[in-house]
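Dear colleague,

I would be glad if you read them with the coordinates open.

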Amino acid sequence: DAAAQAEAAAQAKVQENLEAAKEAIQSSWFGEFDPEDEETAWARLTADGGGRRAHGAAGRHRDGNAGAVSARSAPARPRRGTRARRRSGGSRMSERIETAALRDFSVSLCRAAGLSADDAALLTDSILFAECRGVTSHGLLRLPQYIARLRSGATASNVPMPFTMESGGTALLQQLRLGGTIQVQGLFALHGLGQLAGRKASDKAEELAAEYGVSFVAVANSNHFGTGAWYAIPAARRGFFAFNISSAASAMAPHGAAQPLLGTDPVGLALPRGEGKAPLALDMALSTAARGKIRYAALNGTPIPETWGLDAHGAPTTDAAAVLDGGTPLSAGGSPPAGGAKGSGLAIFIELLCAVLTGSGALGGTGLLSDLSRPAGTGHIFGCVDIKRFLPLETFEALCEESLSRVTSLTPAQPGGE
């Protein structure tokens, strides 16, 4: 009947997208698989309920076209018994891959790793959001790591993630003349998927802010949650100021120290700008450059600025691999060799909030995404403010636009700059 034909057509389209993504990835990316036949590896990786862990990673680059991203080869070190595919001469190749093909491909891999259909779609949405915004460090580059963690059990799949609730902090809000109280929520992620915990927490933060004016949601024992803008921008579109912060694995040395202890601790903020305009968003790490960007440069063999990190001997370096291999990214707000006291200080406070306040662990205790031997124990904080509790939303948006126009109308410091 018509319904069966439509279903068959839809399944055929999914398979077509999978094949298109597979062909483009095989031809333009380096990849590593467990030592087995390549076709068997692909069949395992794309089949529900089967599959083996994929090793290595691939980089992405935004090409500016809606509905497509550009895949670039990312050099990976071949392991014994594996094969790496390389274009002649090792040159970098770029191909456009439709986002629908990548979505089907990513969902299939996540389903094979044990995620439910809903969770696989949510993780994929987070990845493609970053990829299509040009944030390659948090896009498909991360997918092999997420899958490896799911397969190893370092990240738990399909866990309930219960909320606990208590309210307080009324004095601050009364001083601000807001009706209601700050609403505090705690979410126990049970070492599950960071994106799932983050989405549940950010949705709860928005829900509670709509009712109480201000919300504060803490997440304990989570994992890497992707890019902060993915959570903050949707809330800003609905008239909220949204923010999120997260602990991260030790990567930066505190100001004046020689050993890494602090995480790069991401911060995500977003505000509405009015009808038809994208929210104003800030999504950044507290290092001069996010660790993921350094990793992306290392995978591609491209140099980095000396202001991004130090090698294992404490010397500024343009070698991204040297920063990752015993070195340290530099905290924001400073220059080699000390890094910035401001970025370092902010990172300490964020670690104390996200790791300690949530009960996830002590400062410096968050595990690396690549460490499959243990849960990451990451902590997050999400919050929202209902702007119309302060002043009419239209007034706020108009004042924001006036303020931003004052910034953009200034004379560039460099000729031809922005």
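What is the volume of the second largest cavity? The second largest cavity has a volume of about 80 Å³, a volume being the space filled by probe spheres set on grid points that are joined across faces, edges and corners. A cavity here is a set of points, on a 1 Å grid over the protein atoms alone, where a 1.4 Å probe fits but cannot get out; the whole structure holds six of 30 Å³ or more.

Please note that this is a predicted model, in which local features need pLDDT of at least 70 and side-chain atom pairs count only at pLDDT 80 or more, while totals for chains, interfaces and linings use all residues. Residues are numbered from 1 along each chain as its sequence is written, and side-chain values use heavy atoms, with hydrogens and water left out.

The lining of the second largest cavity (residues with an atom within 4 Å of a point) consists of 16 residues, and Ser-202, Tyr-231, Ala-235, Ala-242 and Cys-384 lie nearest its centre. Two or more lining residues come from each of α7 (194–212), α8 (229–237), β9 (240–246) and β14 (378–386), with helices (H or I, at least four residues) and strands (E, at least two) taken as DSSP runs numbered from the N terminus. The largest share, five residues, is given by α7.

Turning to the residue, Asp-311 is placed in the loop between β12 (309–310) and α10 (320–324). Asp-311 has a relative accessible area of 19% and is therefore buried (under 20%, with a 1.4 Å probe and protein chains only).

With regards

Definitions and conventions:
Buried < 20%, exposed > 50% of the residue type's maximum accessible area, 1.4 Å probe, protein only. 1 Å grid on protein atoms, 1.4 Å probe; cavity = no way out; pocket = protein on both sides within 12 Å on 5 of 7 lines; lining within 4 Å.
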